[in-house]
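Please read these notes with the model open beside you.

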Amino acid sequence: MSKSATRKILHVDLDAFFCAVEEQREPSLAGKAFAVGGKADQRGVICSCSYPARRKGVRSAMPTGQALRLCPELILISTHFGEYSAKSSQVMEIFHQLSGLVEQVSVDEAFIDVTDLPEPVEQIARALQARVKLDTSLPCSIGAASNKLVAKIATDTGKNQSRTDGYPQAILCVPAGTERSFLSPLPVRAMWGVGPKMESILLGMGLRTIGDIANCSVDRLERRFGKSGVDLHQHALGIDNRPVTVSYEAKSISQEVTFARDTTDLLFLRRTLHELAIKVGYRMRCEGLCARVIRLKLRFADFTTHTRQVMLQAPTDQDSVIATEAETLLMKLWQPDRPVRLIGVGGANLVEHVHQLTLWESKTQKERKLLIALDELREKYGKEAVQRADHIRKRHKEE
Ligand SMILES: [Mg+2]
């Protein structure tokens with residue numbers, strides 16, 4: 001592989017994330033066997049368990065009853081998802097400060113492409129781990145490699161090799177060119193994407209290590225697993241060209257307005273909401289994003305603030321869809337006798353707009369083209385100059 005083609009990918013995984021957050025809430029839990037999860041008498045399961053609990057055999061996704069039999073002194077804590085999600089956003093923000101290419105995999109896991117940074121990858125990883133600890137007090141482990149697959153397996157391997165009593169806080173870097181030899185001795189279940197079912201098939205084929213898969217003929221793997229057999233062989237060789245894809249989950253595009261005078265006028269609120277929806281749609285189209293979730297925010301005169309959101313069937317960047325959904329949400333919150341101080345509309349769970357290749361343009365695609373044409377006119381002649389006739393007609397009717 002040429003030097004210019006070598007990427008620097010980090011995989012970061014917070015160590016026993018929920019437990020680490022609970023330990024911050026209740027420091028006396030430190031060093032104890034405890035777990036976050038549902039109660040045994042309610043058929044609960046373990047969501048996350050401390051490292052002392054893991055040494056007693058407790059694992060996440062295990063029924064709580066079974067966990068308590070393995071470790072009778074286990075302290076059970078109920079979940080506080082609001083806090084986990086707030087902490088998670090804080091951590092992801094640190095990643096975003098390091099690189100524009102962050103792919104969030106789950107609440108406590110992300111890939112970061114740091115190819116553009118000049119420092120050696122190990123140095124970047126150490127600095128990042130220290131930064132996360134300093135800013136959030138959370139321990140994390142990091143794997144680094146020339147691709148996502150090997151980086152992810154490096155994190156898992158680093159954690160498994162850790163011999164500390166507490167959080168592993170492992171860092172394992174796999175130098176470019178050594179991917180295959182790094183993977184080779186690992187058991188097949190260490191391969192990303194190999195679950196218990198595939199593991200038993202591979203073992204049945206006499207393949208015990210990732211090296212065995214690499215040495216197996218592609219044809220044999222393809223006959224057994226189809227196309228994914230070919231991928232499996234590539235992966236066993238340490239080859240993975242998948243890019244780090246930026247996730248926009250954390251991001252949202254919203255517009256809000258605070259009124260000069262509190263209002264109970266529903267027509268005025270609806271009109272404002274349509275204007276905000278147009279601005280939100282415009283910004284989404286500018287950034288090439290579509291929203292899966294539409295949100296409405298309403299603040300009453302007494303400063304109580306309410307938000308409602310709706311998940312859409314298909315992501316949208318269209319003014320009319322945003323406005324319609326927001327209006328439905330408005331009708332759920334609006335009360336005739338409560339003056340409104342602020343109204344806001346937003347799109348969240350953003351995804352990149354993907355052009356659908358279909359033979360015939362659908363109505364929504366036509367609408368989208370029209371909106372883009374309008375956006376161009378707005379840019380040319382100013383935002384107030386262009387309004388769709390139906391929008392103006394509606395406004396007249398309302399007035
Ligand atoms: Mg984790």
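1. Buried means under 20% relative accessible area, exposed means over 50%, and partly exposed is in between, with a 1.4 Å probe and protein chains only. Both residues are among the protein donors of the magnesium ion, which are D13 (OD), L14 (O) and D108 (OD), at 2.2 to 2.4 Å from the ion. Donors are N, O and S atoms within 2.8 Å of the metal (3.2 Å for Na, K and Ca); water is not among the atoms, so sites may look incomplete. In sequence the spacing of these donor residues is D-L-x93-D. L14 belongs to strand β1, while D108 sits in the loop between β5 (102-106) and β6 (109-113); the pair is 94 residues apart and links distant parts of the chain.

2. Residues are numbered from 1 along each chain as its sequence is written, and side-chain values use heavy atoms, with hydrogens and water left out. The average pLDDT (the predictor's confidence in each residue, from 0 to 100) is 87 for the protein chain, and 89% of the residues score at least 70. Residues 355-361 fall below 50, and beyond near neighbours in sequence this stretch has 6 contacts in the model. Contact means heavy atoms within 4.5 Å. Where pLDDT is low, the predicted coordinates should not be read in detail.

3. For the overall make-up, the protein chain has 15 helices and 12 strands. Helices (H or I, at least four residues) and strands (E, at least two) are DSSP runs, numbered from the N terminus. Of the 399 residues in the protein chain, 44% are buried. Among contacts with a separation of 6 or more, 68% are between residues 24 or more positions apart.

4. Strand β12 (residues 340-352) is mostly covered, with 11 of its 13 residues buried. Two strands pair if DSSP finds at least two bridges between them. β12 pairs in the antiparallel sense with β9 (residues 253-263) over 7 bridges, and there I253 has G347 as its bridge partner. Strand β10 (residues 289-300) also runs antiparallel to β12, joined to it by 11 bridges. In that pairing L298 stands opposite I343.

5. A separate point concerns an open sheet of 3 strands, in the order β3-β2-β4, with mixed pairing. Its edge strands are β3 (46-49) and β4 (75-77), each pairing on one side only. Neighbouring strands here are turned by 30° against each other on average, direction ignored. β2 (residues 34-37) and β4 pair in the parallel sense over 3 bridges; one of the bridge pairs is A35 with L76. Helix α1 lies across β2, β3 and β4 and runs at about 110° to β2. Axes are lines fitted to C-alpha atoms, for helices over the stretch in contact, and angles run from 0 to 180 degrees between N-to-C directions.

6. Within β4, consider I75. I75 is partly exposed, with a relative accessible area of 31%. Leaving aside neighbours within four places in sequence, I75 is in contact with L29, K32, A33, F34 and A35.

7. Helix α6 (residues 148-161) passes a simple length check. The expected span is 1.5 Å times one less than the number of residues; for these 14 residues that gives 20 Å, and the end C-alpha atoms are 20 Å apart, which agrees. Since 11 of the 14 residues are buried, α6 is largely enclosed by the rest of the structure. Among the buried ones are K148, K152 and K159.

8. Two backbone angles deserve a look. Most residues other than glycine have a negative phi. A16 has a positive phi of about 40° and lies in the loop between β1 (9-14) and α1 (17-25). S137 has a positive phi of about 60° and lies in the loop between α5 (121-136) and β7 (140-145). A16 is buried, at 6% relative accessible area, whereas S137 is partly exposed, at 44%.

Methods:
This is a predicted model: local features need pLDDT of at least 70, side-chain atom pairs count only at pLDDT 80 or more; totals for chains, interfaces and linings use all residues.
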